[in-house]
Amino acid sequence: MENPFSYSGIVTGESFCNRESELSELSQLAKDSQNVLIYSHRKTGKSSLLLELFRRIKSKNRDMKTMYVDLYGTLTEQDFVDALFAALPQIEPQYKKVLKALPGVSISVSIDPVSGAPTFSVSAGPSEKKYLLSKAMDMLQSFSKKKRLTIAFDEFQEISAYSEEGFEKRLRSFIQAHDRIAYIFSGSQTHLLIDMFQSSKKAFYQSAQSFPLQHIEKTAYVSWAKRLFSAKNVDLPEDTIENIVERSEYQPLYIQQFLYRLWQSKSLGMEKVDEIEREIIKAHRNEYIAIFDNLTANQKKALKLIAKTGGESIYKIDNLQKFGFSTASVLTRAIESLLEKELIAKNGNYNIQDAMLKKWVLRIT
């Protein structure tokens, strides 16, 4: 029987756990062409949520098309336009004809040897280049007149680092005029996204409904995992599932990984769960070493301090002295750097974002 759990990429369908209330609310907002800002820390399943939403929209709403645009790694306005055109086949099967009809624009199409998907490179003469964004956004507006669109810009915070002056203002001016398109802005660098949408000095100020993504409840994981295991006549103990959720700190990627490996195993006891945890940490060991080696001495000490204390009372004199900080300000600077590197987050207390990295750090303290 095929293993229903997946941890190496996006999960949808049966492999996707719960989030029914979020999917229901997002579906309604998409139907009403409302813009939404989804944000949370890494490993909470944002991309899977977006693609599960799109899967459900496609199956239930024939009057709407969906488009997922991954902006991770884009550095310029040109990259943004290329990413838009690369996503075009999702909403227009005759995309080649559409592209050929764009005046003053030259587009080369190649096939990605790994994914098999078309990749695009867009170019134009000096006089036309400044209009590429306008042409791309006008194209989306034109499509939306036939059928409503829901467009997700994943890792949207990337545009905040583009070098072109006024890009965010120009992009928002187009988005504001699109009354038949629901835009979903998503990302994991929470501090950047919140600043982009909640600072009155920024172009996207209050232009989307805020939708912070919380963790999935433990009871939802229990019922979901038990149901999937019952398909092969296995009664997975509830306390085993709860233990996996807790040690994974509610992070879907690791929960999926534990359950995937448990599915393959003949043993379902806690000893097996402990063994799987050791295997996961071992598999990531070189990655964790590389991360740790790239930190300064103070950043390493701060990471150890947060791991050991759970982020509680980190500024107490005893803790500062125990982990080798001469002053609180030195710790503060180290924490600020770790926040920028997205290694830690603040939810009340500071915490290491990656649950298994945290366990590895605890092993070397």
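## Helices α13 and α17

In this predicted model, the axes of α13 and α17 come within 11 Å and cross at roughly 75°. Crossing angles of 65 to 115 degrees count as roughly perpendicular, and α13 and α17 are therefore roughly perpendicular to each other. On the α13 side the contact is made by R285, Y288, I289 and F292, and on the α17 side by M356, L357, W360 and I364. Sorted by class, this contact of α13 with α17 has seven nonpolar residues, no polar residues and one charged residue.

The loop between α13 (285–293) and α14 (297–309) holds L295, which counts as buried because its relative accessibility is 7%, where the cut-off for buried is under 20%. Once its neighbours within four places in sequence are left aside, L295 is in contact with K300, L303, L338, K341 and L343. For one of these residues, K341, the C-alpha atom is separated from that of L295 by 9.8 Å, although L295 and K341 are 46 residues apart along the chain.

## Helices α9 and α10

Helix α9 (residues 218–230) and helix α10 (residues 238–247) have axes that come within 9 Å and cross at roughly 125°. That angle makes α9 oblique to α10, and α9 passes α10 in a right-handed crossing. The residues that meet are K218, Y221, V222, A225 and K226 in α9 and E238, I241, E242, V245 and E246 in α10. By class, the contact of α9 with α10 has five nonpolar and five charged residues, with no polar residues.

Within α10, the residues T240, I241, I244, V245 and R247 are buried. The partners against which the buried residues of α10 pack are α9, α11 (252–264), α12 (270–283) and α17 (355–364), and α17 is also the helix that α13 crosses at roughly 75°. Just after α10, E249 takes a positive phi of about 50°.

## The parallel sheet

Five strands form an open sheet with parallel pairing, and their order is β2-β5-β6-β1-β7. The edges are taken by β2 and β7 (209–212), each of which has a single partner strand, so one side of each is left without a neighbour in the sheet. From one strand to the next, the twist averages 20°.

One of the paired positions is D70, whose bridge partner in β5 is D154. Is strand β2 (residues 64–70) largely enclosed by the rest of the structure, or largely open? Five of the seven residues of β2 are buried, so this strand is largely enclosed by the rest of the structure, even though one side of β2 is left without a neighbour in the sheet.

Note on methods: Residues are numbered from 1 along each chain as its sequence is written. This is a predicted model: local features need pLDDT of at least 70, side-chain atom pairs count only at pLDDT 80 or more; totals for chains, interfaces and linings use all residues. Side-chain values use heavy atoms; hydrogens and water are left out. Axes are lines fitted to C-alpha atoms, for helices over the stretch in contact, and angles run from 0 to 180 degrees between N-to-C directions. Helices (H or I, at least four residues) and strands (E, at least two) are DSSP runs, numbered from the N terminus. Angles under 35 degrees count as roughly parallel, over 145 as roughly antiparallel, 65 to 115 as roughly perpendicular and the rest as oblique. A crossing is left-handed if the near helix is turned anticlockwise from the far one by less than a right angle, and right-handed if clockwise. Contact means heavy atoms within 4.5 Å. Ala, Val, Leu, Ile, Met, Phe, Trp, Tyr, Cys and Pro count as nonpolar, Asp, Glu, Lys and Arg as charged, and the others, Gly among them, as polar. Buried means under 20% relative accessible area, exposed over 50%, partly exposed in between (1.4 Å probe, protein chains only). Two strands pair if DSSP finds at least two bridges between them.
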